[in-house]
Amino acid sequence: MKKVITFGTFDVFHVGHVNILKRASDFGDQLIVGVSSDALNFSKKQRYPVYSQEERVEIISSLRFVDDVFLEESLEQKLDYIKKYEADILVMGDDWTGRFDWVKSHCDVIYLPRTPSISTTEIIEIVRKIK
């Protein structure tokens with residue numbers, strides 16, 4: 001059984017999230033998703049997600065092609081998560097190309113193209129302007 005792992009914030013869930021998760025699931029028999037904790041997201045972006053970590057975990061857990069979901073507490077623990085879940089493949093968006101090549105001794109790494117013309121940041125900015 002091939003296990004695929006991926007990570008993300010998955011805030012303001014949109015079709016780009018669905019596309020990358022669906023494509024990631026095609027690489028194996030089981031898809032495991034690490035959802036960035038609120039604290040981790042704040043440390044990366046200096047803002048909290050619109051949806052809480054519990055809500056984001058619930059959203060990702062509800063997808064039929066996702067088999068397991070956990071909270072990612074630290075970017076530095078990627079390899080620990082890969083080992084813990086015995087992942088064979090790490091899938092990330094291509095905006096991360098090359099940044100996880102250092103785990104290739106433990107699993108394959110695949111960078112997938114993102115869905116064009118959609119991002120959570122853009123959606124949040126549009127909504128802020130409408131207010």
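# Exercises: rings, strands and a helix face

Phe7 is buried, with a relative accessible area of 7%; here buried means under 20% relative accessible area, exposed means over 50% and partly exposed lies in between, with a 1.4 Å probe and protein chains only. Before we set off, please keep in mind that this is a predicted model, where local features need pLDDT of at least 70 and side-chain atom pairs count only at pLDDT 80 or more, while totals for chains, interfaces and linings use all residues. Residues are numbered from 1 along each chain as its sequence is written, and side-chain values use heavy atoms, with hydrogens and water left out.

**Exercise 1.** Describe the aromatic pair of Phe7 and Tyr81, and find which parts of the chain this pair ties together.

*Solution.*
- Step 1: the structure contains 6 aromatic pairs. Rings of Phe, Tyr and Trp (its six-membered ring) pair if their centres lie within 6.5 Å; planes under 30 degrees apart are stacked, over 60 edge-to-face, and the rest tilted.
- Step 2: Phe7 and Tyr81 make a tilted pair, with 5.9 Å centre to centre and 50° between the planes.
- Step 3: Phe7 belongs to strand E1 (residues 3-8) and Tyr81 to helix H4 (residues 78-84), so the pair ties together parts that are 74 residues apart in sequence. Helices (H or I, at least four residues) and strands (E, at least two) are DSSP runs, numbered from the N terminus.
- Step 4: Tyr81 is buried too, at a relative accessible area of 8%.
- Step 5: for another tilted pair, turn to Trp96 and Phe100, at 5.5 Å centre to centre and 45° between the planes; both residues are buried.
- Step 6: ring pairs join Phe7, Phe70, Tyr81 and Tyr85 into a cluster.
- Step 7: Lys78 lies over the face of Phe7, 4.1 Å from the ring centre. A charge sits over a ring if NZ of Lys or CZ of Arg is within 6 Å of the ring centre and within 35 degrees of the ring normal.

**Exercise 2.** Starting from E2, work out how E1, E2 and E3 pair.

*Solution.*
- Step 1: E2 (residues 30-36) is mostly covered, with 6 of its 7 residues buried.
- Step 2: E1 and E2 pair in the parallel sense over 6 bridges; two strands pair if DSSP finds at least two bridges between them. Val4 has Leu31 in E2 as its bridge partner.
- Step 3: E2 also pairs with strand E3 (residues 68-72), in the parallel sense, over 5 bridges. Here Val33 has Val69 in E3 as its bridge partner.
- Step 4: E1, helix H1 (residues 15-25) and E2 make a right-handed β-α-β unit. Right-handed means that, with the strands pointing away from the viewer, the path from the first strand over the helix to the second runs clockwise.

**Exercise 3.** Where do the buried residues of H2 lie around the axis, and what do they pack against?

*Solution.*
- Step 1: in helix H2 (residues 38-45), Asp38, Leu40 and Asn41 are buried.
- Step 2: they cover an arc of only 160° around the axis, which puts them on the same side of H2. The arc is that of the directions from the helix axis to the C-beta atoms.
- Step 3: the buried residues of H2 pack against E2, H3 and E3.
- Step 4: Gln53, found in helix H3 (residues 53-61), touches Ser37, Asp38 and Leu71, not counting residues up to four places away in sequence. Contact means heavy atoms within 4.5 Å.
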